[in-house]
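Let me bring up the structure and start.

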Amino acid sequence: MSKHQDIISKIEIERDTTDMLIGNSFIGFLMTIFAFSGLVFFFENVDPSTFSQKLKVWGVMIIVCVARLTDALYWRVKLAGKAYEPGPALLRFSAGLYATGTIWALYSVLFYSTMSTIELAATMVVLAAMAGGAGTVLSPNKKLVGFYSTALLVPMSLCALIDEQGEFFILGILGLVFWFGIFMSAFRYHKFFISTLHLKAKNNSLVEQMKVERSETEKVNQLLVASNEKLDASNANLEAEVERRTADLYRISNRDPLTNLLNRNGFLKHLNNLLDTTRALDNSLALLFIDLDGFKQVNDSLGHKVGDIVLAEIASRLRNYTEENHLGRWGGDEFVSVIPYANIDTAKAVAHAMRSGVTIPIIANDNQVTLDATIGIAMFPEHGETAVDLIQQADLTMYDQKREQRGSVGVFSEALHNEIKRDQRLCERLRCAIDNGEFTVFYQPIMDVNSNTLSSVEALLRWNCDDEHISPAVFIPLAERSGLMPEIGAWVLNRALIDLSHWQFKQGLAISINVSVSQLLDDSFLKVLDNALKSTQISSERLHLEITESVFASNKEVVGVKVNELVARGVKVSIDDFGTGYSSLSRLQSMPCDFIKIDRSFVQNSSEESDTIIRATLLMAKEFGCKTIAEGIETEQQRQHLAQLGTDYLQGFYFAKPMSASDLISWYNENY
């Protein structure tokens, strides 16, 4: 690699850094305003003088944020996309950021002593979230990310550490650990960003070199045409016409008219030529399959005209990371790119750079559109020998990445290929599992801590497919993705209630059944529930429905309506795996629930941190009038420990493993 390809000027780095910082700052301004306003007004102090001081600090923060937003809008309108002197813009942005960080630090220090426990916890969560987001957005500049994350986390953490009461010492430690983690991640992002700029410079250099060579070729052709103009006038005109028509035919058959990229046919031809060259040189190349996240919503909400503008802009941006004719539009919002002489690390670096380019907001007909991209990578010759194989493998990888985490980059592997084939086979078998009698419902007792007696049982679905026991962790997500969960959930609900109606156990024994998000949001769910209760003559109070807290992130309005309809029927609602995902105080306030299940990960982790989380959960449950169930009890020590902490009910292998209905009857008769 030549020196001029390896060096990027300081002014270019500063300009690209400024573009990344300011271009990604708009959401940060809004989040700062909303978060700061929430802390000031939601936790209004009873002391008028303290609240008055908070209002003054809030006013200063609003003025700073508005000034920064105004400066950012000026940058977008006047400077973005142009060759400008980045120094002043970066200086103004830095000054605004320093001011914002200083205000955050002053707020946490000045009002630490006046904060209640909930306000302190909420403030720490907000500061940690703001610092975590800044760790990525500000990573192009080490000084800025270092100052901002320090200003947000260190003052508050130090206050917690030196607090004479010592109640929040662990929060202070966690704050400093999180601050250190942000530092390390931000510096890795910074290194990647600089590497991306070098790669961009290399591509630009190659493009410029091609332009120079093309220009020289055109000059030579012009001289040849001029010297033979009189002699070959008629032939020259005829050949020119043939060339023009050939070019038109090539463009029509090989170019996408909207983006002017190679279409599917043109890209396959070009890729096959590259593969022949790569084989001859015994080299490697990478194939990237790029799918836009969120583009369908743009078409549906803003129309195809805006969608076409967005696609053309995305194509223009992706060109910055590829050589000429190494990028094509595969169809719709899907693009493909080939990177010759690349290894896996190079391919991943280019893919992440492409993602960064895609995520920059786009202004189309006065609409701001923000997209992301999921990218799958296949390598030649490791993952395929032909163009079709490579594209198929990269497409499968992209699909798997989109399923696991949108807006990410993945590399094909044989394990992934085998996993996808196995998932496809299991999905087909799931469709007939009920008819084939392959499902069984097992039951696990839930014990009352005070009386040490059976309080309820949890219904757990088991699947035996071709004498293979498939884990619920495997087949439940497959059922969700294939749309089978409402049907399977209805079968479990009916089977469990039928078994409960046949048991001659203690009067009022309740049964707990898990409900998935797709099942809860299904239009027929409540009708299925009513019919099951009616046909088995089970009282609705004996039915406990466990809803994983992540359900609340799907559609909180619709979920809220469904949960309230369950409560109106007398059904008990339990929040499962509490503390592991979408935990929210406001959610507990707005969503009626009767039980909170403490996840087994906290029970089996005997650290002080886990105990702190358990105590906090018990306190919240008590405040909201909920009972608590600790799952994953496996030892006598765990049973005693959770009982001493104040848990109402316990569940786990210590009492009994999940068992069939007949085994449960035997277990009950032996113990009661």
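I first wrote down that contact means heavy atoms within 4.5 Å. Helices (H or I, at least four residues) and strands (E, at least two) are DSSP runs, numbered from the N terminus. This is a predicted model, where local features need pLDDT of at least 70, side-chain atom pairs count only at pLDDT 80 or more, and totals for chains, interfaces and linings use all residues. Residues are numbered from 1 along each chain as its sequence is written, and side-chain values use heavy atoms, with hydrogens and water left out.

**Entry one: helix α16.** Which residues of α16 are buried? I found Phe475, Leu478 and Ala479 in this helix, which covers residues 472–481. Buried means under 20% relative accessible area, with a 1.4 Å probe and protein chains only. Seen down the axis, these buried residues fall within an arc of 100 degrees, so they line one face of α16. The arc is taken from the directions from the helix axis to the C-beta atoms. My reminder: an α-helix has 3.6 residues a turn, so residues three or four places apart point the same way.

**Entry two: the cover and the ends.** I looked up what covers the buried residues of α16 and noted, among others, α15 (414–430), β8 (439–448) and α17 (485–502). At the N-terminal end, Ser471 is the cap, with a side-chain oxygen 3.1 Å from the backbone nitrogen of Ala473. After α16 comes Gly483, and its phi is positive, near 75 degrees.

Conventions: Buried means under 20% relative accessible area, exposed over 50%, partly exposed in between (1.4 Å probe, protein chains only). A polar contact is a pair of N or O atoms within 3.5 Å; within protein, one must be able to donate a hydrogen and the other to accept it, and residues adjacent in sequence count only if both atoms are side-chain atoms.
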